[in-house]
Amino acid sequence: MTVYAYVDGPLGEMLLVGEESADGRTVLASLSLPGQKGAAVVREGWRHAPGAFEGIAAQLRSYFTGGLTRFDLTYADAGTDFQRRVWRAVDDIPYGATVTYGEIAARVGAPGAGVRAVGTAIGRNPLLVVRPCHRVIGADGALRGYAAGLERKERLLGLEGALVR
């Protein structure tokens with residue numbers, strides 16, 4: 001069953017969407033921010049279940065207060081094979097660090113023209129904040145593309161001490 005909840009945070013009210021697993025845990029399928037391009041929308045038949053996201057919400061609170069540097073969550077298996085490879089590479093970017101789109105492209109075996117495809121895959125990341133696509137920057141060090149807006153990307157990088165000026 002698809003469940004959802006809203007969680008307040010410094011970037012606005014986040015929409016969490018997940019699937020309840022047989023063991024009672026919630027597998028996170030989406031974390032959306034207000035005004036985000038391609039954000040999830042609550043659908044008929046979904047169940048509002050704030051309790052299903054208590055552990056996830058606690059990790060988010062800890063992250064936003066500087067107490068957590070890596071999320072320990074179970075994610076839904078979504079996306080194409082290429083997107084999942086890109087997202088795994090993004091998951092490996094350490095807290096407080098940044099890498100370029102070109103570096104991610106090289107890590108997934110798609111250098112050169114593959115940078116554009118990597119950018120597209122990163123732009124389709126359904127798990128903003130917890131899958132740290134905000135840590136991916138332009139080759140010139142500039143902040144580029146973030147589905148929830150560059151000001152939020154800047155805030156997240158600032159929180160992590162990785163703000164590029």
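Arg25 is partly exposed, with a relative accessible area of 47%, where buried means under 20% relative accessible area, exposed over 50%, and partly exposed in between, using a 1.4 Å probe and protein chains only. Its partner Asp23, at 55% relative accessibility, counts as exposed, and the two form a salt bridge in which the closest N and O atoms are 3.5 Å apart. The term salt bridge stands for a side-chain nitrogen of Lys or Arg within 4 Å of a carboxyl oxygen of Asp or Glu.

The model is predicted, and for that reason local features need a pLDDT of at least 70 and side-chain atom pairs count only at pLDDT 80 or more, while totals for chains, interfaces and linings use all residues. Residues are numbered from 1 along each chain as its sequence is written, and side-chain values use heavy atoms, with hydrogens and water left out.

Seen as a whole, the protein has five helices and six strands, which follow one another along the sequence in the pattern β-β-β-β-α-α-β-α-α-β-α. Helices (H or I, at least four residues) and strands (E, at least two) are DSSP runs, numbered from the N terminus. The radius of gyration of the protein is 16 Å, close to the 15 Å that the globule rule gives for 165 residues, so the protein is as compact as a globular protein of that length; this radius is taken over C-alpha atoms, and the globule rule is 2.2 Å times the number of residues to the power 0.38. Along its principal axes the C-alpha trace spans about 45 × 35 × 25 Å.

Buried residues make up 44% of the 165 residues. Among contacts between residues at least 6 apart in sequence, 56% join residues at least 24 apart, a contact meaning heavy atoms within 4.5 Å.

How many salt bridges does the structure hold? The structure holds seven, one of them being the pair of Arg25 and Asp23 described above. Side chains of opposite charge can pair when their charged atoms come close. Another salt bridge joins the side chains of Asp77 and Arg84, at 3.6 Å from N to O; here Asp77 counts as exposed at 68% relative accessibility, whereas Arg84 is partly exposed, with a relative accessible area of 25%.

A further salt bridge brings together the side chains of Arg135 and Glu160, at 2.7 Å from N to O. Arg135 lies in the loop between helix H4 (114-123) and strand S6 (136-137) and Glu160 in the segment after helix H5 (150-159), so the pair ties together parts that are 25 residues apart in sequence. Are these two residues buried or exposed? Both Arg135 and Glu160 are buried.

The loop between H4 and S6 also contains Val129, which is buried with a relative accessible area of 1%. The phi of Val129 is near 70 degrees, a positive value in a residue other than glycine. Most residues other than glycine have a negative phi.

Strand S6 itself includes Val136, and this residue is buried, with a relative accessible area of 0%. Which residues does Val136 touch, not counting residues up to four places away in sequence? They are Val90, Ile93, Val99, Thr100, Tyr101, Ile104, Ile122, Arg144 and Lys153. Val136 and Gly119 are 17 residues apart in sequence and 9.2 Å apart in space, C-alpha to C-alpha.
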